Amino acid sequence: MEHDCPTYTKSQLALRNGQDKPEIWVSYKGLIYDVSLSRLWRNGKHYEHWAGQDLTDELADAPHADHVFAKFTVIGKLA
């Protein structure tokens, strides 16, 4: 699926960690998702994972598949 959205750098993504700015974002397979409203990402932490990062490589260790991202809004692409 092609998304027509802004592109953000890893540095811009890193600021959306639930601490530096009010937004809580994570990246997966080149897309950036807003997980701010998820109770599971409260304060920018989800189990041992931190927001503001690319989680593509970390998903292999998760107890769920990538379909969990479908419930979140794509707000950009990772540069």
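Buried here means under 20% relative accessible area. Keep that cut-off in hand: Tyr33 and Phe69 are both buried. The model on screen is predicted.

**Stop 1: the sheet**

Select strands S1, S6, S3 and S2. Together they make an open sheet of 4 strands, in the order S1-S6-S3-S2, with mixed pairing. Now look at the two edges. S1 and S2 (25-28) stand there, each with a single partner strand, so one side of each has no neighbour in the sheet.

Zoom in on S1 and S6. S1 covers residues 7-8 and S6 covers residues 73-78; the two run parallel and pair over 2 bridges. Pick Tyr8 and find its bridge partner in S6, which is Leu78.

Move across to S3, residues 31-34. S3 pairs with S6 in the antiparallel sense, over 4 bridges. Leu31 stands opposite Lys77 in S6. Ile32 stands opposite Gly76 in S6.

For background, strands of a sheet pair through backbone hydrogen bonds, either parallel or antiparallel.

**Stop 2: the nonpolar cores**

Select Val26, Tyr33, Val35, Trp41 and Phe69. These residues have the most contacts inside the largest nonpolar core, which has 13 residues. S2 and S3 each supply at least two residues of this core.

Next, centre on Val35. Which residues does Val35 contact, leaving aside neighbours within four places in sequence? They are Ile24, Trp25, Val26, Trp41 and Phe72.

**Stop 3: aromatic pairs**

Show the rings. The count is 3 aromatic pairs. Start with Tyr8 and Trp25, which form an edge-to-face pair at 4.9 Å centre to centre, with 65° between the planes. Tyr8 belongs to strand S1 and Trp25 to strand S2, so their pairing ties together parts that are 17 residues apart in sequence.

Now go to Tyr33 and Phe69. Their ring centres are 5.0 Å apart and their planes meet at 35°, so this pair counts as tilted. Tyr28, Tyr33 and Phe69 form one aromatic cluster.

**Stop 4: salt bridges**

Switch to charged side chains. There are 2 salt bridges.

Select Glu23 and Arg16. Their side chains meet in a salt bridge of 3.6 Å, N to O. Glu23 is partly exposed, at 26% relative accessibility. Arg16 is buried, at 13%.

Then select Asp66 and Lys29. This salt bridge has its closest N and O atoms 3.9 Å apart. The pair links distant parts of the chain, with Asp66 in the loop between S5 and S6, Lys29 in the loop between S2 and S3, and the two residues 37 residues apart. Asp66 is partly exposed at 35% relative accessibility. Lys29 is exposed, with a relative accessible area of 59%.

**Stop 5: His49**

Select His49, in strand S5 (residues 49-50). His49 counts as buried because its relative accessibility is 11%, and the cut-off for buried is under 20%.

Which side chain makes a polar contact with that of His49? It is Glu58, at 2.3 Å.

**Stop 6: Gln19**

Finish at Gln19, in the loop between helix H1 (10-15) and S2. Gln19 is exposed, at 53% relative accessibility. Follow its side chain to the backbone oxygen of Asn43, which it reaches at 2.7 Å.

Last, draw a distance from Gln19 to Phe69. Their C-alpha atoms are separated by 21 Å, and the residues are 50 residues apart along the chain.

Technical notes
Residues are numbered from 1 along each chain as its sequence is written. This is a predicted model: local features need pLDDT of at least 70, side-chain atom pairs count only at pLDDT 80 or more; totals for chains, interfaces and linings use all residues. Side-chain values use heavy atoms; hydrogens and water are left out. Buried means under 20% relative accessible area, exposed over 50%, partly exposed in between (1.4 Å probe, protein chains only). A polar contact is a pair of N or O atoms within 3.5 Å; within protein, one must be able to donate a hydrogen and the other to accept it, and residues adjacent in sequence count only if both atoms are side-chain atoms. Two strands pair if DSSP finds at least two bridges between them. A nonpolar core is a set of buried Ala, Val, Leu, Ile, Met, Phe, Trp, Tyr and Cys residues joined through side-chain atoms within 4.5 Å. Contact means heavy atoms within 4.5 Å. A salt bridge is a side-chain nitrogen of Lys or Arg within 4 Å of a carboxyl oxygen of Asp or Glu. Rings of Phe, Tyr and Trp (its six-membered ring) pair if their centres lie within 6.5 Å; planes under 30 degrees apart count as stacked, over 60 as edge-to-face and the rest as tilted.
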